[in-house]
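Hello,

Here is the structure I said I would pass on. Please open it first, then read my notes below.

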Amino acid sequence: MKIRILLILFLSASLSVFSQQVQVSGTVLSSEDNLPIVGANVLLKGQNSGTSTDFDGNYSLTANAGDVLLFSYIGFETQQVVLNDQKSIQIVLSPNTSALDEIVVIGYGTQSKKETTGAVAVVGSEAIEKLNPQRVEQALQGQVAGVNITSSSGSPGSGANIRIRGISTNGDSRPLILVDGNVIEDLSAINPNDIKSVNVLKDATAGIYGVRAANGVILIVTKSGRKDSPLKFTVDSFYGFQQTASYLDLMKPYDFAQYVNDASGKTKYLVFPETGTDWQKEVFETAPILSTNVSASGGTEKSAYSFGVSYLDQDGIVGLDKSGYSRLTSRLSYQYDLTDDLKLSTTAIYTHSEKNNLPENGIGAVLYNAVNLNPDLAVYDENGEYSLVKDIKQIEIINPLAQIENTHNKSIVDKISATFGVDYTFLENFKVSSKFQMNHAVVLDDTFLQNAYYGPGKGANRTTNEVIDFGAVFDDYTWDNYITYTNTFNEDHNLNVLLGTSIFNTEGLYYGAIGRQLKDGSNSVADATIENTEGIGSPRFQPESIALGANVFQSRLASLFARFQYNYQGKYLVSGVVRRDGSSKFGPENKFGYFPSGSIGWNVSEEDFLQNSSWLSSLKLRASYGIIGNDRIRDFVFLSRLNGEAVYSSNDEVEEADLLRGVAEGGLSNPEVRWEKQKTANIGLDAAFLDNRINITVDAYTKETEDLLIAPQVSGVLGASAPGSSAPFVNAGTVQNKGLEFRIAYADNIGEDFKFNTSFNISTNENEVLFVESENGFQQGGEYGVGLGIITSRMEAGHPIGYFYGYETDGLYQNQAEIDALDALAFDEDGESIKYHSGAEPGDLKFVDTNGDGKITEEDKTNIGDPIADMTMGFNLGFNYKNIDFSASAFASLGGDMVRDYERKDTYANRGTYMLDRWTGEGTSNTVPRATSGKSINTDEFSDFLVEDASFLRIQNIQVGYTFNQSTIAKIGMEKVRVYISANNVHTFTNYQGYDPSASSGSPIGSGIDKGFYPVAATYMLGLNLKF
Amino acid sequence: MKNIFKITSLFIAFAALTTACDDYVEVEPIGPVSNNYFNSQEEYESALIGAYDMLQTTFWNVLTGTIASDDIVAGGDSSNYDQPTLQDVDQMVHTQSSNNQIRDIWNLMYAGMNRANYILEFQNKLDFDGKENIIAQAYFLRAYYAFELAKWYGNIPLLTEKRGETTRIANKRILFGDQYVINRADDVAAVYSLIEEDLKEAIPNLPVTQDMDYKVTKGAAQALLGKIYLYHGTFDDTKFADAATELDAVINSGAYSLAQGADFQKIWDLEGENGSGSVFEVQYTSVEGAGWGCIICSEGNYIPKFTAPRSPYNGDKYIAGWGFSLPTPMLVDAFKDGDARKELSFLDMAGENYSESRGNTGYFNKKYLGTKENDATRTGSDPLNYTNNYRAIRYADVLLMSAEAHAQNGGTKAADYLNEVRARAFGNNSQDYTAAEGDLLEAIYNERRVELSGEGHRFFDLVRTNRAKAAFDTFNAWVATQDEEIGHMPVQYKENKNEVFPIPLVELELANAVETWGQNAGY
């Protein structure tokens, strides 16, 4: 820097001989806070000379009259001023709204959007704040083309599944998520208010993260302070309430009684009840939510700091506090310049969260019980106690209100995430960086199973209470060391070279104990501690299993990476990355893998013929190709360990000593197991029109994941079915994802007072399995019903991953004659007469004989849908009129299917009102089969009658705010006061009958089976933003 | 120059880091790996526990085998087709695609063989006193699992090797890749021959009594060998004499006796476990919890809950359960007046308040019911783990098997052994066999039916004695007289098909063996 300044001084001095020199000085301020900007560039256009502002935002330079001064700073719009004879020029820079000047975090560095060659999307803090999310994931839905968020539960504090550009592996499809360079797998620890930007790397340029980048990379940057700025506070707070966004249409008592009589074929109800219980109304509650976030930031000449504390407290719409969630976070970010060349930065995030859990999403869940319980049962019996469930024989269906009351299950998480980094600049063009990141988390799960009686034979009945205290400690660290070389040659050749290493270690320890029967016959949760149980309590792990490593895990990565980025005059861009990763998950022969990728870009608008276009502000074409890897499988699959289940009884029957603990082989090994590789290609363009008012981004991609790591079913003779064993992982499959992404944004001002912005994005995704190496040609997963042994989903060449495999139907059998006619033509291999469709009776679903062999058999099962959406769309609208701001966003998903599997189909279990349209005799219906109890092809076989289109359009957020005039609030020392009302998840338009068409279980083979997903709540909030 | 030095040293540091990196990812697992084990006596003993552990998964064999017979109907929830595979097995309408239990038994018994084979594969790695005993137990366990497979699937695929002049089951695990080259034995008799060799090798090295109840004794191995000879006799009647020899050795050992009087009343209780009449038992315990996610991981027995009357049953001694496995009235009636076994075998539900199962008969199998006492001390939330040991080979069974083997050759001991069993049941010799009763062999068969009712032997006895078709015809005639409402279904037993169960189709496919192994006839 010193050299450059000297050079400039020298040049200016020499130039002064020849032309009329003007000494100009001034200050550069930020429009955001009217504070000086330190280090803003002040350049003479076309002359490659200039200066930068000092720590008071002041600059001074000598130039010629007629020169054009360019004032620029990262994140702000560049301004030009033609120098006449002004001595002083005061400049106020505004944060840029132009997408191309945005700063993009690309891994081990940043770039301006204009220079990037990859498919990278950025969501800024403004967009996040508008959405008022409780979790970061909620802010991504609909904001970024190609990113799809599904939740496995809407209960407070629950996680979400993030899928970037489809499902590319049948294993773990989660993207790599880094917060300030720190691997954070669980985003619940992050307060969305603390986020400055979320950067999504969607294509092969993510290859800088090598083996972990196959599912995409999300880089989150948290807020930091700015140097030389006074202490500022912001307070963001909202209070609101949540309600269920939907109720299922279930039969009312009267209709239900009629249905039971029909189904059982007997007169179970002589008198039809008119009144009863709406179990859904009983279970769903209006739940409060409260969030407060206070942060302070500022800086001195050499340092910048930011500190924040937040608190979120949320009850569940089912069970209120029993599914409540609270989270306290505190965050610190601090940068300090030891010298001009040596800079330190550190961040720390501490999170404490408590989550109460009710059984959810499946058999035995509170909602499952509410849906299935007979509506003629009263909530309370004649003694005022919760009524027992007697009519429904299924052991898991119990009174959901009693269940809520008796459930005591709390998870407590304490987590510290911290980063520490040093940057040292030397020889002008070199910077060496060392960054250390760590996470430490302690997770406690405390459960008290209290004695309870729910009705005869119910599985949840207990006569001996139990205290279960389980804990886990997770630790990981990442240490990155890298050198960056940046230089410009001959003014036109811009080069950036990065060379680095990274090591990553993650480990965990599980512990805990179980105690039975509280002392003195207590059955109170208040007494429920292990110490207070009879006997000594038994540890979660016996010494024998600890010796076999059952309570710990550890895995490591060691990587080298290199990247060069070159551009010529900012017009022609080229970039290449190669990363070598070593992973402890693979055997000695296959430990190391190389992941190269390359990308090119052309800023067409920089060409002379377009430079002065009045309508085209910018245009860039991009292309990338690369190979990235995946190692997300369990540890040590290349080794045959003796960690199988091997416990027998010496039969003294009394205590733990009775158990004989031995060894047996665990999961079958495959020493050959190697990286899963993804070959991904992307072409795209970024364009802006009409003074950056309209921005368009288009991308087309294809991803082919080869050598898929799968644990296919293997022949039973190998012994993989033994307890504690499992099939070996092999590299045996190929999945292809293809898609198009399009985003358009339009922002403009109409007059002084009216500003608006709107954006729309649409993504398509086509998933096809190209190859599965399995003896029977498919992998399977997912289950329909209870105990029927019906596997729903397959991964098979020529179909989307996890497609539903079942019977196609074609209406209903209307009469016996129709069935008899089909039977008359059906014969087995030996020519003996058989039933055409075993078990079919009039009013039953008519399965399609897809293979044309004249009978309905297993072989007729076919593709009856898949859970993967063909298309997703996001829509955002915002405007400001004077002091009022408005924003709204919507998300749509089209073409995904869901399996309706939340009905237990017991004689006395309630069903959807669609059963009112059931077949009751010839010609009465050709769509909804007759009521049945007992074995029936309608309920005990998996057919397309159970598969529904889960397309939906969701109004995600509507917010209206009012910002008080600065002049008014300045009197009370405020800089900004804004109040708003906001509604999240306002309404979902869908034909799907279940609670939540956006839900998903998340596992690639077997997702989309709806066993009663806890719906995402509709939330209504009143909020306040303060700055002072 | 100084700069060049700086840059160079940076690169050297970088190169050094690279090398260090490669070692960094060498993470050693905690605990042993399978190819580096068997370094001490304790390690042999630990691996043997692993092989024993698989015995606990045989509750599926017992339950499914019991339901397959003519004496027990499936039961379960009346409003649902509860446990479809069991219902299908009950009616003999299972197909090669009926997976659940039929596939579980296939997979688990092979897993058991593999665990025994793991020890046998490394048996020569280390020498120590008492190793013969361990190896002999491993041979027994392999034989036990292989015999289960042969009972269910007939001529199963096995890896074999020549040892001396004898073809033996290979002393090695079936490893990945082997499933494509392994072949089915020529016929089930060939499988019996292979298993017999294992037991013949085990017997000399097993003591008459072991230091712990759970361990295989010489008597257990002889009894199993005798039993297999008896099964083998169906195809080669010279084996009956071998059966008699082995079974007599058990009887003459003096190590076993039929519990009498008050002890007899308790043989099905916890107290009666590993008693004087127990030759081999599968040990279960309820001191470790069990979960639905992995029922086979349990150290407890699942049958006691599975077969208990459905609630609101609230008896004095027994728990309520899922209501499977119901004895037919014909079986109950097969017990003569004065037979003490009747009371020990059945829970008579007359006058009891309970939910009727599908195909309700009014009786439950008392031998393996869970007790309330056990339920109160059981560990774990899910009621899946009860202590009831499975009495795999009882002395009464040995006596009757021996009687049968002798009767096949007209031996005189047959009636004596039969009478010994009867005398215990009636408390006197009033029921001793006389010629007036008819065919002695027939009498022994009938005695097996009542003595061993609900223990999982009946179906396989019917098959090996070629009486299955007749028995199911009788059953079907009874079904025809029953009220349709109750839900009894006729059994569609076909000869030359239902003697064995199908190899699950998916297992044929996974071994790429649809052609090479072929499916069992008729499926």
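**Where the two chains meet**

Glu665(A) forms a salt bridge with Arg173(B), and their closest N and O atoms are 3.0 Å apart. Keep in mind that this is a predicted model. The count of salt bridges between chain A and chain B is four.

How many residues are in contact between the two chains? On one side there are 88 residues of chain A, and they touch 93 residues of chain B. The size of an interface is often given as the accessible area lost when the parts come together. Here the area buried between chain A and chain B is about 7400 Å². Carbon and sulfur atoms give 61% of that area. Three residues supply 11% of what chain A buries against chain B: Tyr648(A), Val717(A) and Glu775(A).

**Helix packing in chain B**

Look next at helix α15 of chain B, residues 395–408. I have notes on two of its partners.

An angle over 145° counts as roughly antiparallel, so α15(B) and α16(B) are roughly antiparallel to each other. The crossing is left-handed. From α15(B), the residues that meet α16(B) include Tyr395(B), Leu399(B) and His406(B). Among those they meet in α16(B) are Tyr417(B), Leu418(B) and Arg424(B). By class, the residues of this contact are 10 nonpolar, two polar and three charged.

The other partner is helix α17 of chain B, residues 440–451. Its axis and that of α15(B) come within 9 Å and cross at roughly 165°. These two helices are therefore also roughly antiparallel to each other. α15(B) passes α17(B) in a left-handed crossing. The α15(B) side of the contact includes Asp397(B), Met401(B) and Glu404(B). The α17(B) side includes Ile444(B), Tyr445(B) and Arg448(B). The contact of α15(B) with α17(B) has nine nonpolar, one polar and five charged residues. Ala396(B), Leu400(B), Ala403(B) and Ala407(B) are listed in the contact with α16(B) and also in the contact with α17(B).

**Two backbone details**

Most residues other than glycine have a negative phi, and most peptide bonds are trans. Two places to check follow.

- A cis peptide bond joins Ser311(B) and Pro312(B), with omega about 15°. Pro312(B) sits in the loop between α11 (303–306) and β7 (324–327) of chain B.
- Asn361(A) has a positive phi, near 55°. Asn361(A) lies in the loop between β21 (342–356) and α6 (366–372) of chain A.

Best wishes

Definitions and conventions. Residues numbered from 1 in each chain as written. Chains lettered and ligands numbered in written order. Predicted model: local features only at pLDDT ≥ 70, side-chain atom pairs only at ≥ 80, totals over all residues. Heavy atoms only, no water. Axes fitted to C-alpha atoms, helices over the stretch in contact; angles between N-to-C directions. Helix = DSSP H or I, 4+ residues; strand = E, 2+ residues; numbered from the N terminus. Parallel < 35°, antiparallel > 145°, perpendicular 65-115°, else oblique. Left-handed = near helix turned anticlockwise from the far one by under 90°. Contact = heavy atoms within 4.5 Å. Nonpolar A, V, L, I, M, F, W, Y, C, P; charged D, E, K, R; others polar. Buried area = accessible area lost by both parts, 1.4 Å probe. Salt bridge = Lys/Arg side-chain N within 4 Å of Asp/Glu carboxyl O.
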